[in-house]
Amino acid sequence: MQKEPIRSELLFFSQSSSGGGSGLQVHVVRLHPGQELLGSLQAFVEEKRLRAPFIITCVGSITKATLRMANATATCTNEVIHLSGRHEIVSLVGTLNPDAHLHVSLSDSEGRTVGGHVLGDMEVFTTAEVVVGEAVDLQFTREMDLNTGFPELVVQPRSQTEK
Amino acid sequence: MQKEPIRSELLFFSQSSSGGGSGLQVHVVRLHPGQELLGSLQAFVEEKRLRAPFIITCVGSITKATLRMANATATCTNEVIHLSGRHEIVSLVGTLNPDAHLHVSLSDSEGRTVGGHVLGDMEVFTTAEVVVGEAVDLQFTREMDLNTGFPELVVQPRSQTEK
Amino acid sequence: MQKEPIRSELLFFSQSSSGGGSGLQVHVVRLHPGQELLGSLQAFVEEKRLRAPFIITCVGSITKATLRMANATATCTNEVIHLSGRHEIVSLVGTLNPDAHLHVSLSDSEGRTVGGHVLGDMEVFTTAEVVVGEAVDLQFTREMDLNTGFPELVVQPRSQTEK
């Protein structure tokens with residue numbers, strides 16, 4: 001991939017054009033044993049009609065997970081591992097709308113950590129406490145980026161009539 | 001553990017019944033060399049009388065830590081490691097009230113990471129900068145969950161008179 | 001380093017003296033292939049004139065990074081590694097003003113994670129979605145701490161006239 005020059009006028013074009021920041025609301029959920037983390041969060045976002053949601057923090061444990069590794073690309077997505085066994089969620093980061101883009105790191109019975117892109121199949125072991133933020137003045141969408149081959153995040157101000 | 005069917009009416013019963021989100025306030029503290037991270041955060045929450053507090057971000061370094069590993073359960077909690085030596089805090093996640101539920105990942109002198117559930121004994125090496133969020137419309141409590149054997153997070157709306 | 005006794009009256013002297021928390025605004029940016037993460041965030045903070053900014057979440061991937069390891073001190077800062085190859089950002093934590101203090105953990109093509117203090121040279125591979133929080137009632141500065149040898153975070157209330 002060719003490195004592009006960084007031009008300041010391009011740098012933040014996806015930021016809200018208002019220049020100011022957005023207000024924030026938070027939602028807190030606890031997931032229960034057997035629930036699937038990714039699907040549950042997506043269902044939550046849909047139920048609450050969140051339009052610019054992201055993970056603030058998540059603490060919990062899971063019994064399995066399917067993760068995509070760093071080497072995967074849009075055309076070579078088979079770098080996937082299926083974890084099984086109890087793991088602690090030691091980080092969960094990312095945005096949740098309209099497609100979730102989450103990365104996680106998980107620690108095992110000896111404290112070793114493994115990380116990657118969340119594809120799903122993350123079954124909760126004991127609990128998952130999740131704080132979701134919603135930028136109430138912004139709207140997340142995704143548009144195909146020909147440079148990456150993935151639908152990438154676009155951040156726009158929420159119009160007054162939509163709030 | 002038997003997998004329960006996910007029923008949408010059950011899925012988010014611990015969420016604030018208001019349906020909407022909560023407002024947020026943030027507190028920022030810097031801890032100093034020799035201070036213990038977990039106890040200091042618990043003391044901070046008590047001093048400020050925070051009722052729905054959680055970690056937003058934490059950057060810093062520690063000289064030791066006691067962590068519980070993923071394999072531990074309510075009846076077999078002896079899967080514990082005592083780390084010593086300088087480590088960077090590369091993630092800290094979780095909620096802080098009424099009992100702290102924190103997971104951490106720490107990196108050592110070669111960048112290797114170790115993660116788990118924070119039991120304490122996390123002595124600050126140079127600094128710990130911590131941003132704590134407080135959901136001002138919510139109240140965190142914990143109730144024993146017979147499915148897990150642990151007191152698990154319950155999220156409730158804060159009554160108007162209590163605000 | 002000598003361990004200091006923890007005195008409660010000292011514990012949180014760097015906290016806003018108002019006792020209450022601060023309001024929060026959020027800014028969301030997507031960085032593009034080839035952009036450098038640390039410098040881009042510093043430019044963003046400067047452009048938006050943020051005075052108490054910190055990372056809320058970051059998801060993305062990078063092709064290289066320069067990290068300082070946990071063993072480094074103010075007088076022995078040469079514990080540095082230069083990573084190359086595609087890595088997922090699985091955590092990014094820290095504060096952004098007036099000097100960025102960021103720690104990261106990165107996962108490689110096999111899910112192995114490496115972590116440390118961000119020195120720079122973090123070139124975005126496909127994307128980096130970053131949510132930055134700004135504590136609108138606080139002001140971050142840094143002052144040399146003789147105990148650590150580093151300029152450490154000082155948190156102060158923002159004066160009314162400055163808001």
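How many salt bridges does the count come to over all chains? The count is 18. This is a predicted model. The tour starts where two chains meet, then visits single chains.

**Stop 1: chain C against chain A**

Select chains C and A. On the chain C side, 41 residues are in contact with 51 residues of chain A. Together the two chains bury about 3,700 Å². Carbon and sulfur atoms hold 60% of that area. Now pick out Val28(C), Arg30(C) and Glu129(C). Within chain C, these residues lose the most area to chain A, together 16% of what that side buries.

**Stop 2: the links across**

To see one of them, select Arg142(A) and Glu129(C). Their closest N and O atoms lie 3.0 Å apart. Glu129(C) was also on the list of residues that lose the most area to chain A. Polar contacts join 14 residue pairs between chain C and chain A, counting pairs with both residues at pLDDT 80 or more.

Which elements give two or more residues to the side of chain C that touches chain A? Color β1 (24-31), α2 (37-47), β2 (53-68), β3 (80-95) and β5 (113-135) of chain C. β1(C) gives the most, with 8 residues. By type, this side of chain C divides into 15 nonpolar, 16 polar and 10 charged residues.

**Stop 3**

Move to chain B and select Arg158(B) and Glu134(B). Their side chains meet in a salt bridge, 3.0 Å from N to O. The pair links distant parts of the chain, 24 residues apart. Glu134(B) sits in strand β5 (residues 113-135) of chain B, while Arg158(B) lies in the segment after β7 (150-157). Are these two residues buried or exposed? Both Arg158(B) and Glu134(B) are buried.

**Stop 4: Asp108 and Arg112 in chain C**

Return to chain C. Select Asp108(C) and Arg112(C), which form a salt bridge with closest N and O atoms 3.0 Å apart. Asp108(C) counts as buried because its relative accessibility is 14%, under the 20% cut-off. Arg112(C), at 48%, counts as partly exposed.

**Stop 5: a network in chain A**

Finish in chain A. Asp108(A), Glu110(A) and Arg112(A) are joined into one network by salt bridges that share partners. Select Glu110(A) and Arg112(A): their salt bridge has its closest N and O atoms 3.5 Å apart. Glu110(A) counts as exposed, at 52% relative accessibility. Arg112(A) is partly exposed, with a relative accessible area of 48%.

Key. Residues numbered from 1 in each chain as written. Chains lettered and ligands numbered in written order. Predicted model: local features only at pLDDT ≥ 70, side-chain atom pairs only at ≥ 80, totals over all residues. Heavy atoms only, no water. Contact = heavy atoms within 4.5 Å. Buried area = accessible area lost by both parts, 1.4 Å probe. Salt bridge = Lys/Arg side-chain N within 4 Å of Asp/Glu carboxyl O. Polar contact = N/O pair within 3.5 Å; in protein donor to acceptor, adjacent residues only side chain to side chain. Helix = DSSP H or I, 4+ residues; strand = E, 2+ residues; numbered from the N terminus. Nonpolar A, V, L, I, M, F, W, Y, C, P; charged D, E, K, R; others polar. Buried < 20%, exposed > 50% of the residue type's maximum accessible area, 1.4 Å probe, protein only.
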